[in-house]
Amino acid sequence: MPLLVFNKNGIYCPQADVYLDAWRKVPKCIVTHGHSDHARYGHGQYITHKTNIPIIKHRLGKLQVQGLDWNETLLVNGVKFSLHPAGHIPGSAQVRVEYKGEVWVFTGDYKLQDDGLCIPFEPIKCNTFITECTFGLPAFSWEPQEEVFNEIDSWWATNRSDDVTSLLFGYSLGKAQRILKNVNADIGPIYVHKTIYDLNKAMSEDFDLPEFTLLDTSMDKSELKGSLIVAPPGVQNAAWIRKIGAQTTAAASGWMTFRGARRRRALDKGFVLSDHADWQDLLTAVKATGCEQVIATHGYTEIFSRYLREELGLDAKTEATAYEAETIDQTQETA
Amino acid sequence: MKAFAQLIKALDSTNKTNQKVEALANYFKTAADSDKVWTIALLSHRRPKRPVNTTLLRLWATELANIPAWIFEESYHIVGDLAETIALVLPHPKGSTEMSLTEVVNEIAALGSQTEDVRKSTILERWDQFNYYERFVYNKIITGGFRIGVSQKLMTRALGQATGIDTDELAFKLMGNWDPKTISFEELIIAPSEAAAVSRPYPFFLAHAVEGEVEQLGDISQYSFEHKWDGIRAQLIFRAGTHFVWSRGEELVTDKYPEFDKLLDLIPEGTVLDGEIVCFPDGQIGDFNLLQTRIGRKNISKKLLETHPVILIAYDLLEWQGQDLRSTPFIQRRELLDKLVKKIGRGTPLYLSSTMHFKNWKEATAERERSREKRSEGLMIKRKDSHYGVGRKRGEWYKWKVDPFTIDAVLTYAMRGHGRRANLFTDYTFALWHEGALVTFAKAYSGLTDAELKEVDSWIKKNTLERFGPVRSVVPQHVFEIAFEGIAASKRHKSGVATRFPRIHRWRKDKKPDQANSLEDLKALIP
């Protein structure tokens with residue numbers, strides 16, 4: 001029996017009777033991070049990193065949850081579980097599972113770039129590496145974060161000098177805080193959508209974000225002129241957006257690599273800024289584990305695992321999961 | 001090249017027409033003259049001859065990117081644009097270059113006569129000097145098809161803003177047969193040029209579709225009616241002892257239609273006709289598929305001229321005795337045209353699109369019902385006092401097409417789309433029942449809303465049966481009503497039927513696959 005199996009509920013450890021990021025209700029579940037396709041409602045008991053506790057409580061309401069520190073071992077029926085930084089969003093973890101000397105790692109979602117917000121990804125030696133590959137195509141190659149934010153800053157500054165409001169869409173958990181943390185706040189006032197505002201307040205850790213104001217759609221629109229509004233992508237077509245006057249829109253996402261994705265969403269501008277690993281970083285991550293077996297869970301799984309088999313000689317396969325990745329237009333928090 | 005790539009990036013960075021016009025106008029004010037000419041040429045789909053085929057480009061890109069060929073192809077299917085895919089997979093550039101757009105284009109043009117080794121080393125060297133946008137633009141120039149959301153009209157506006165020249169005049173100047181290699185910006189745009197004017201067609205005036213009830217167009221006595229012929233829109237120009245045939249895509253196609261050569265002796269100089277080229281075998285208007293045969297051929301054989309002859313159904317006179325008639329009212333132009341065509345008489349490939357007048361909309365509607373027997377697509381409605389404008393203007397000309405044929409078919413295959421539909425399964429194949437099996441009859445790409453596309457896309461991803469490269473076969477479950485304009489028997493199609501302009505009319509969620517139509521139902525529609 002493998003240490004971890006994929007069943008209809010999620011990724012399961014039979015020896016410990018524990019699930020990882022289950023997509024159906026289960027008695028006991030280790031949760032890698034707070035995005036809704038990984039942290040689902042209704043499990044009996046949640047185990048997650050301490051930073052993630054206020055986040056999932058904010059999103060899922062009251063729950064029974066046990067918090068772990070980085071590297072802290074949780075022993076269940078002889079199986080050692082521990083959490084290690086995944087660098088995806090605040091509180092996101094990889095799960096290391098060890099039993100009788102065999103080690104498996106499940107990444108959840110991750111990136112190798114240091115975003116200045118969360119604790120950077122830590123490579124872990126293992127026998128089997130269960131990895132996401134949302135951007136597992138050679139067409140994806142991220143620029144250094146600094147360059148992307150230089151672009152964002154100059155876009156905002158230009159808009160501001162033209163008295164145009166800058167609307168920047170990014171997922172409310174992770175991307176929004178990363179934008180706030182790294183944008184040049186000296187350019188002008190920053191407003192955030194309520195979903196983001198509430199999340200920022202709910203996070204206990206001090207991320208040292210610049211000053212931001214809750215966007216009140218009833219406020220005088222001249223106040224917003226030239227400001228930066230950070231909002232989740234789902235509100236792009238909301239009625240209040242048309243009422244805020246002269247504006248220009250942009251999205252920050254790995255999918256903005258494709259011109260087609262941006263044009264389809266009728267955005268003015270796309271910034272390629274992702275909380276996932278790009279092609280080279282996925283390969284780097286796989287190689288750093290020293291693993292013999294790779295299981296790709298979501299993203300361009302067939303392509304990525306074929307490459308690992310044929311070009312790197314690894315035993316790589318794919319398993320179906322309910323984690324979102326293939327679509328660009330998803331309002332889910334996957335990019 | 002840097003400035004041009006920067007321009008393309010700026011055009012790409014906004015959805016707002018005014019900002020695009022401004023970015024272009026700024027470029028036209030500051031760029032070098034030869035770069036301006038090439039920019040106009042590229043944005044109006046004129047480009048140097050392709051020096052290498054895309055197979056080689058793909059091969060070289062995979063070599064430089066150090067990736068296997070299959071993963072490049074997979075990436076291409078997902079990205080949906082070859083120039084973009086190559087620009088994305090190449091490693092970051094090691095150098096840079098200050099070459100101008102003109103230098104780059106001239107280099108590409110000269111590559112055609114070089115050995116493959118030289119072509120390869122040149123292209124690889126440029127790739128390694130260009131940033132992402134420069135590469136993208138470079139690949140677009142090589143592979144052709146510079147579609148980046150800049151219409152000819154938008155470019156003309158920008159040129160007008162930059163030069164102060166009237167946009168109608170500019171539209172006229174930009175049409176026709178000019179060569180960016182030899183013409184200067186001064187000659188093309190600034191100077192009034194007579195030599196070039198000889199070949200130039202007028203910008204085509206286009207009709208709006210009738211929206212809502214036709215009665216809303218008001219007093220019927222203001223309008224003249226004609227049938228709407230389904231061929232290629234064309235202008236026949238007779239000037240300075242020679243003639244030109246222009247198709248609406250601004251293509252000079254004189255050589256493709258030698259039938260019109262004999263008109264040169266019959267029509268006086270200084271005449272421009274507007275009309276529809278249609279295939280006309282056995283003394284009647286043929287199906288559009290017959291015309292397709294002529295459009296596709298480069299060499300027009302004697303036999304083809306016999307089996308697939310064409311005529312021009314003229315419906316407007318834009319120039320007469322060397323005078324531009326476009327601001328003369330439509331009915332006066334038609335009087336002159338009718339007289340001209342009747343005088344030339346029978347036995348020529350010049351026919352007249354007869355005008356009709358109706359007392360009330362009921363009569364007009366009844367005539368529209370007869371469109372299919374008359375082999376037309378419906379009616380054209382033109383204001384009697386209308387001028388011949390530029391582009392599409394509201395309130396002058398209308399097209400009032402007959403309702404399309406429709407049939408319910410089952411979705412059987414899907415392929416990822418291109419451009420703004422990249423990475424979404426948006427290109428569908430539909431099938432009809434025949435002896436208990438589904439037989440493919442048409443492909444359709446349009447007609448669904450963005451929300452429906454997303455829904456179908458996500459369903460396809462979950463209901464794939466098999467994958468063949470970019471194509472997936474799917475569970476035969478969904479029924480769509482497919483609309484099309486024309487239908488004819490065809491030996492080239494597996495189903496034995498060719499449909500014209502098939503598109504999705506609506507998603508029949510109320511129907512199960514076994515309630516879809518049969519191939520026999522479709523064949524019953526063939527006239």
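Let me start with where the two chains meet: 32 residues of chain A are in contact with 35 residues of chain B. Keep in mind throughout that this is a predicted model. Putting chain A and chain B together buries an area of about 2900 Å², and carbon and sulfur atoms give 51% of that area.

What holds charges across this interface? The rule finds 3 salt bridges between chain A and chain B. One of the residue pairs forming a salt bridge is A:Arg259 with B:Asp12, and their closest N and O atoms are 2.8 Å apart. There are also 11 residue pairs in polar contact across the interface of chain A and chain B, counting pairs with both residues at pLDDT 80 or more.

Which elements of chain A give two or more residues to the side that touches chain B? They are strand E16, residues 247-252, helix H7, residues 259-264, and helix H9, residues 301-312. Helix H9 of chain A gives the largest share, with 6 residues. By type, the residues on this side of chain A divide into 14 charged, 12 nonpolar and 6 polar.

Is A:Leu312 buried, partly exposed or exposed? The relative accessible area of A:Leu312 is 33%, so this residue counts as partly exposed; the cut-offs are under 20% for buried and over 50% for exposed. Leaving out residues up to four places away in sequence, A:Leu312 touches A:Leu283, A:Lys287 and A:Tyr307. Of these, take A:Leu283: it is 29 residues from A:Leu312 along the chain, and the two C-alpha atoms are separated by 9.5 Å.

Now over to chain B, and strand E4, residues 232-239. How many of the residues of this strand are buried? The count is 8 of the 8, so strand E4 of chain B is largely enclosed by the rest of the structure.

What does E4 of chain B pair with? One partner is strand E7, residues 271-279, which pairs with E4 in the antiparallel sense over 7 bridges. Within that pairing, B:Ile237 has B:Val272 as its bridge partner. Another partner is strand E5, residues 242-247, also antiparallel, over 6 bridges. There, B:Arg239 has B:Thr242 as its bridge partner. E4 and E5 of chain B form a hairpin with 2 residues between them, and B:Ala240 in the turn has a positive phi of about 50°.

Strand E14, residues 405-416, pairs with E18 in the antiparallel sense over 3 bridges. The bridge partner of B:Met415 in E18 is B:Val471. Strand E17, residues 464-468, also runs antiparallel to E18, and 4 bridges join them. E17 and E18 of chain B form a hairpin with 2 residues between them, and in the turn B:Gly469 has a positive phi of about 55°.

How values were computed: Residues numbered from 1 in each chain as written. Chains lettered and ligands numbered in written order. Predicted model: local features only at pLDDT ≥ 70, side-chain atom pairs only at ≥ 80, totals over all residues. Heavy atoms only, no water. Contact = heavy atoms within 4.5 Å. Buried area = accessible area lost by both parts, 1.4 Å probe. Salt bridge = Lys/Arg side-chain N within 4 Å of Asp/Glu carboxyl O. Polar contact = N/O pair within 3.5 Å; in protein donor to acceptor, adjacent residues only side chain to side chain. Nonpolar A, V, L, I, M, F, W, Y, C, P; charged D, E, K, R; others polar. Buried < 20%, exposed > 50% of the residue type's maximum accessible area, 1.4 Å probe, protein only. Pairing = 2+ DSSP bridges.
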